[in-house]
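Here's a quick walk through a model you can follow on screen. Keep the structure open and click along as the residues come up.

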Amino acid sequence: MSAAALRHFRYVATENPVTLAAFALFTFFVLLAIFGPLIAPYDPLASDTQAALQPPSAAHWFGTDALGRDILSRIIVATRLDFGIAVSAVTASF
């Protein structure tokens with residue numbers, strides 16, 4: 001990246017804090033899509049019927065579904081698929 005591009009990015013980011021927050025959130029989601037399967041606390045496909053339909057707790061921050069799968073892990077891993085769908089939809093529209 002050239003020095004002029006970095007100056008422009010710094011100007012845009014500091015001029016409007018909402019733009020900086022949106023860029024930070026987008027960067028977080030991209031990193032989550034890349035590293036999600038590595039940081040997911042549980043296997044998103046593993047069923048544990050003993051833990052079915054548990055409310056949010058320290059062990060399962062978003063709770064569990066009807067098959068006992070951790071919802072947070074499923075959301076983290078699904079981020080990659082969601083980005084793939086979004087990119088495909090934009091590509092198809094062009």
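Let's start with rings: those of Phe, Tyr and Trp (its six-membered ring) pair if their centres lie within 6.5 Å, and the pair is called stacked with planes under 30 degrees apart, edge-to-face over 60 and tilted for the rest. By that count, the structure holds three aromatic pairs. One of them joins Phe26 and Phe83 in an edge-to-face arrangement, 6.2 Å centre to centre and with 70 degrees between the planes. Phe26 sits in helix 2 and Phe83 in helix 3 (residues 71–93), so this pair ties together parts that are 57 residues apart in sequence. Another of the pairs is Phe28 with Phe29, which is tilted: 5.7 Å centre to centre, 55 degrees between the planes.

A word on what you're looking at: this is a predicted model, where local features need pLDDT of at least 70, side-chain atom pairs count only at pLDDT 80 or more, and totals for chains, interfaces and linings use all residues. Residues are numbered from 1 along each chain as its sequence is written, and side-chain values use heavy atoms, with hydrogens and water left out.

How open are those rings? Buried means under 20% relative accessible area, exposed over 50%, and partly exposed in between (1.4 Å probe, protein chains only). Here are some Phe residues that land in the middle class.

| Residue | Relative accessible area | Class |
|---|---|---|
| Phe26 | 48% | partly exposed |
| Phe28 | 47% | partly exposed |
| Phe29 | 36% | partly exposed |
| Phe35 | 41% | partly exposed |
| Phe83 | 27% | partly exposed |

Phe35 belongs to helix 2 (residues 17–39). Together with Leu31, Ile34, Leu38 and Ile39, Phe35 makes up a nonpolar surface patch with about 510 Å² of accessible area. Patches take residues with over 30% relative accessible area and no salt bridge, joining like charges within 9 Å and nonpolar side chains (Val, Leu, Ile, Met, Phe, Trp, Tyr) within 5 Å. The areas come from the Shrake-Rupley method with a 1.4 Å probe, and for residues only the protein chains shown count as cover.

Now for the charges. Side chains of opposite charge can pair when their charged atoms come close. A salt bridge here is a side-chain nitrogen of Lys or Arg within 4 Å of a carboxyl oxygen of Asp or Glu, and the count comes to one. The partners are Asp65 and Arg69, at 2.8 Å, N to O, and both are buried. Asp65 is found in the loop between helix 2 and helix 3, and its 16% relative accessibility puts it in the buried class. Leaving out residues up to four places away in sequence, Asp65 touches Ala52, Leu53, Ile71 and Arg74 (contact means heavy atoms within 4.5 Å). Thr49 is 16 residues from Asp65 in sequence, and their C-alpha atoms are 9.4 Å apart.

Finally, zoom out. The chain has three helices and zero strands, where helices (H or I, at least four residues) and strands (E, at least two) are DSSP runs numbered from the N terminus. Its radius of gyration is 18 Å, well over the 12 Å that the globule rule gives for 94 residues, so the chain is more spread out than a compact globule. That radius is taken over C-alpha atoms, and the rule is 2.2 Å times the number of residues to the power 0.38. Of the 94 residues, 19% count as buried. The chain exposes about 7000 Å², with carbon and sulfur atoms supplying 72% of it.
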